[in-house]
Amino acid sequence: MSDPGSLLEAARTGDRRALGRLLTIIENQDPTLRPILPRLFAAGRGAHLIGITGPPGSGKSTLVSALTRALRDRGRRVGIIAVDPSSPYTRGAIMGDRIRMMEHSADRDVFMRSMASRGELGGLAATTWQAVAALDAAAYDPILIETVGAGQSEVEIAGLAETTVVVEAPEMGDEVQAIKAGLLEVADIVAVNKGDRPAAQQSARYLRAMLSTAGGRVGRTPAPVILTTATTGEGIDRLIEAIERHTREARSPEQSRARAVNQLRRALAELAQRRAVAHGAWLTSVEAVAERRLDPITAAERLLGS
Amino acid sequence: MPADERQDPEQPGQPDERPTPIRVLIAKPGLDGHDRGAKVLARGLRDEGFEVIYTGLRQTPEMIADAAEQEDVDVVGLSILSGAHMALLPRVVELLRAKGMDDVLVAAGGIIPDADLAALREAGIAEIFGPGTSIGQIARYFRERARRPG
Ligand code: B12
Ligand SMILES: Nc1nc2c(ncn2[C@@H]2O[C@H](COP(=O)(O)OP(=O)(O)OP(=O)(O)O)[C@@H](O)[C@H]2O)c(=O)[nH]1
Ligand SMILES: [Mg+2]
């Protein structure tokens, strides 16, 4: 049994080894996956997708582990995907998020998978959304997705997750420096973690003031700011309440459509690229653009046959 | 994205001929606090192009086998300098086999007396690397022996 179809069926009935192997096939973009993709997505049960993003070292993994503990106490089966950067030179990666999550390793109602970004720049891997679909099909709900340690522009997660939690940690001294505007804009909830540090209260106040006046979220309630200490579990219950409160807004028709637009755009961009590259005129087009005989827009239009 | 063929990210338009990276789990079983070697190895293998999942200290054999299953790794690497290898290493192999992961390469390193090597090999540890082994040597061995050859 190694074809993705049987692996998917086995994963749906609780076979963890099968789920692990299916995730590898997804991650490797194996051609045998394509025929079962419609089934993979149809098998989804509508798990709540929660993105956990924020600067490197802010405590994302520790927070995921604390959230998982609290969700298990509530009887939920938790899926986790943690993405770490691949080296652009060697393509290697060190994935250390599991260090903070090992207490859940032998819990059969938690499934955690590490993914290397493999060249993607938005904070996720290209195949993360399919991996999420596989965990959904295997009846994990919610699914927590930890991004690469993010700066301003690693905001892909907002297009995938229904609820995006941005984890900030108070910086000693200058708290303003830690705040990345691009990242805060995609936050549905802000967790100010390392609440045990002296600067935490002040950072939380500052962020609240900033978010109450922040633009770009017309028609949406300002993101709540919640103080957490992931290492002790302090504030985790409040964070879960905020996530649950956000679910209804996240599943409004407008938000669901916005996510659908995003996924379609992504799928279209990749499909268009694949078509163009497979086109007989691909190489001559590349040359024409390189020699400035043709502009890239016209070249692209021709390759797509318009 | 559905992919009919993988593409080389540096040469878009060219199929990616390079193999997918080998996934390796590096774990420290038992109550052993010596993590320098495991960290050196994790970084070294990353630089050799492996995808390394490092689980940190104080892992039970059950935690290690369950992590290997979820991560679907090609290699499980156990680093142990505490002297408890005879109790812990065969147990990891046993648990992996019980999960049907017979094809996973299990290797170990650290402080392991020569007298124990034969028994560990017998128990299913493919190879044992002692102090002074170069990362290049280990990487070469993994590439040759992992189930998904790199
Ligand atoms: C540094 C060190 C420490 C440091 C550890 C720092 C750290 N965070 O790692 C400190 C001071 C904390 C320490 C403490 C102790 N230590 Co100490 N320590 C050492 C020492 C001197 C070097 C180990 C080291 O870091 N080597 C460098 C790394 C890079 O090498 P390595 O780990 O061997 O890894 C290489 C290979 O083995 C291999 N490898 C390792 N793992 C793996 C895994 C795989 C999959 C593969 C393929 C390869 C591989 O690749 C690496 C690169 O070549 C050794 C002696 C020695 N010469 O080994 C004693 C030694 C390991 N310690 C020993 C002891 C007894 C202790 C203590 C119990 C002492 C005490 N009574 O308090 C404590 C216990 C600590 C604990 N909680 O477990 C003994 C162990 C005896 C035994 N097993 O029978 C040793 C052998 C010293 C001795 N000769 O008695 N120690
Ligand atoms: N004092 C304090 N330390 C914390 C807290 N949460 C996490 N840490 C510590 O912060 C460090 C980084 O935590 P991680 O959970 O690995 O952070 P991360 O954001 O996942 O890191 P990357 O994945 O590398 O970006 C660890 O040493 C944690 O123990 C907290 O609430 N208080
Ligand atoms: Mg992390």
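Mentor: A salt bridge here is a side-chain nitrogen of Lys or Arg within 4 Å of a carboxyl oxygen of Asp or Glu. This is a predicted model, in which local features need pLDDT of at least 70, side-chain atom pairs count only at pLDDT 80 or more, and totals for chains, interfaces and linings use all residues. Residues are numbered from 1 along each chain as its sequence is written, and side-chain values use heavy atoms, with hydrogens and water left out.

Trainee: Which residue of chain B forms a salt bridge with A:Arg118?

Mentor: Across the interface of chain A and chain B the rule finds six salt bridges. In the one formed by A:Arg118, the closest N and O atoms are 2.7 Å apart, and the partner is B:Glu51.

Trainee: What is the bridge partner of A:Ala93 in E2(B)?

Mentor: Strands (E, at least two residues) are DSSP runs, numbered from the N terminus, and two strands pair if DSSP finds at least two bridges between them. E3(A) and strand E2 (residues 51–54) of chain B pair in the parallel sense over three bridges. For A:Ala93, the partner in E2(B) is B:Glu51.

Trainee: Which residues in chain A lose the most area to chain B?

Mentor: Buried area is the accessible area (1.4 Å probe) that two parts lose on being put together, summed over both. Chain A and chain B bury about 3800 Å² between them, with 49% of it on carbon and sulfur atoms. Together accounting for 21% of what the side of chain A buries, the residues that lose the most are A:Arg17, A:Arg91 and A:Arg274.

Technical notes
Chains are lettered from A and ligands numbered from 1 in the order in which they are written. Helices (H or I, at least four residues) and strands (E, at least two) are DSSP runs, numbered from the N terminus.
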